[in-house]
Amino acid sequence: MRITRAYKIFATFYRFGLDDFFRSHSRLKWVHALCRFVPLPRHRGDSLPVRLRLALESLGPVFVKFGQVLSTRRDLLPTAFADELAKLQDKVPPFDGQLARRVIETGLGRTLDQLFVDFDDVPVASASVAQVHHAWLRQADGSRGREVAIKVLRPDILPVIEQDLALMRTLARVVEVGFPDGKRLKPGEVVAEFDKYLHDELDMMHEAANASQLRRNFQDSDMLLVPEVFYDYTAREVLTLEWMRGTPIGQIDRLRADGVDLKKLSRFGVEIFFTQVFRHGFFHADMHPGNIFVAADGRYIALDFGIVGSLTEVDKHYLAVNFLAFFNRDYHRVATAHIESGWVPADTRAEELEAAVRTVCEPFFERPLSQISFGLVLLRLFETSRRFNVEIQPQLVLLQKTLLNIEGLGRQLDPDLNLWDTAKPFLSKWMNEQIGWRGFVRALKNEAPQWATTLPALPRKLNDALGGRTQDMLVQSYVLLMKEQKRQNFLLTLIAILLVALLAKGLL
């Protein structure tokens, strides 16, 4: 089976002329030369980035998803390839509804009639990993309960994925050894990253936990709705969520006809993003138009929680400093933030990095603020950072991708959206909370439980560390302290007598 799949991959590689990748590489240019003598039809009319996209589409859903993940690694790929791979669409024909019924019954351990009412065999959406069906929960009396969306994993998809992943690992090793930039591109790490994302999507319990966390973070929010998870109807192969009614975010004319305030909606999108990033450190990382609806009351509806990103306090601080420094044109601070983060080698000269950052950022200020793209700024910084051997963290790549999506949606809703007017007050407030008095108090509160555990044991630990000499040291310290106290008391007494005498003489 693996040999057959490998043959199909290499046949596709040949058919779309991907041997052009090897044309300028001394070690592997013989591959390109050899392919010229194979008498089979080839697709050579389009550019190499376009042919790569078409080849991945022809290889099926796993390779399509890999291309999508690869498109986010703009710190590694040339812009033309990243832009083309971003066009990949994760749309595949649905599998049979009767098969979906069997997956649900096996996963939940009950018959479908015991679980749901009016289950629709025709899916409302279908993708490479799963498809979604509509139904109602069955109540104890047999009547309709809550309206739900049931996400069903494609049957027997795991062996196909494992087979393709094994071949990808082999191709990654070839790229790493055969290409001059192979080690810098880190193909093995990219495949490992994709492996993690894909296996997370294969576990519906993982997506359910993500949805629950996001819903809890935005409980009672006037900006974002997140569907409820029904855990009694959820397993590794099946995810049951509250059915959400709304208008797809891409249907601008319909939203306008429904009286939705598009300017307000665009501001909500920016505020939701920055709230997730800087307040929660947990963000929905797949916010493309297919995963966002708008409710009748004008709130966003988030769907599909297979990919999320998490940020540490260090990550959040780094981002806030960079954004604020960028809009203040403080390029030296941008450079030092990179160095302080540890993602730039410690011996990097801040002045050199500052000059490179200035070259990237300064052209943006020739435009109105409403036309400046946060995501594009991050992207250009990532591209510039290659020559300084910057280690771009995966969570920041996800963030940059999400920010580009949010910006695109926001400006589609309101072409005059000024992201900086919306984001700067939020960032400034967050920075003040982190480094001001409030931040100090919050840090004390966060550390208090640790102190409460550590402090009572500190004398014993100190005694153990000093080999039992702690008691003697404490006694000696006490004796010295008492001597100093007596000396100070004597001096204070003399000063008091002197003051009284001077008062008595009328000199004070």
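This is a predicted model: local features need pLDDT of at least 70, side-chain atom pairs count only at pLDDT 80 or more; totals for chains, interfaces and linings use all residues.
Helix 4 spans residues 61–71 and helix 10 spans residues 187–201, and their axes, which come within 10 Å of each other, cross at roughly 120 degrees. Two packed helices are described by the angle between their axes and the distance between the axes. Angles of 65 to 115 degrees count as roughly perpendicular and those over 145 as roughly antiparallel, and helix 4 and helix 10 are therefore classed as oblique to each other.

Among the strands, strand 4 (residues 144–153) and strand 6 run antiparallel and are joined by five bridges. Within this pairing, Val152 has Val238 of strand 6 as its bridge partner. Strand 6, comprising residues 238–242, is mostly covered, with four of its five residues buried.

Aromatic side chains were examined next. A pair of aromatic rings is described by the distance of the centres and the angle of the planes. The count of aromatic pairs comes to three. One of these is formed by Phe273 and Phe274, whose rings are arranged edge-to-face, with 5.2 Å from centre to centre and 85 degrees between the planes; both Phe273 and Phe274 are buried. Phe274 also pairs with Phe278, and here the rings are stacked, with their centres 5.8 Å apart and 5 degrees between their planes. Phe274 and Phe278 both belong to helix 13 (residues 262–280), in which they are separated by four residues, or about one turn of the helix. Phe278, like Phe274, is buried. Through these ring pairs, Phe273, Phe274 and Phe278 are linked into a cluster.

Aromatic rings also take part in contacts with charged groups. The charged end of Arg144 sits over the ring of Trp136, at 3.6 Å from the ring centre. In a further arrangement of this kind, the charged end of Arg110 is placed over the ring of Tyr233, at 5.6 Å from the centre of that ring.

A further phenylalanine, Phe426, is located in helix 19, which covers residues 419–435. The relative accessibility of Phe426 is 18%, and this residue therefore counts as buried, the cut-off being under 20%. Phe426 and Ala320 are separated by 106 residues in sequence, whereas their C-alpha atoms lie 9.8 Å apart in space.

Notes: Residues are numbered from 1 along each chain as its sequence is written. Side-chain values use heavy atoms; hydrogens and water are left out. Rings of Phe, Tyr and Trp (its six-membered ring) pair if their centres lie within 6.5 Å; planes under 30 degrees apart count as stacked, over 60 as edge-to-face and the rest as tilted. Buried means under 20% relative accessible area, exposed over 50%, partly exposed in between (1.4 Å probe, protein chains only). Helices (H or I, at least four residues) and strands (E, at least two) are DSSP runs, numbered from the N terminus. A charge sits over a ring if NZ of Lys or CZ of Arg is within 6 Å of the ring centre and within 35 degrees of the ring normal. Two strands pair if DSSP finds at least two bridges between them. Axes are lines fitted to C-alpha atoms, for helices over the stretch in contact, and angles run from 0 to 180 degrees between N-to-C directions. Angles under 35 degrees count as roughly parallel, over 145 as roughly antiparallel, 65 to 115 as roughly perpendicular and the rest as oblique.
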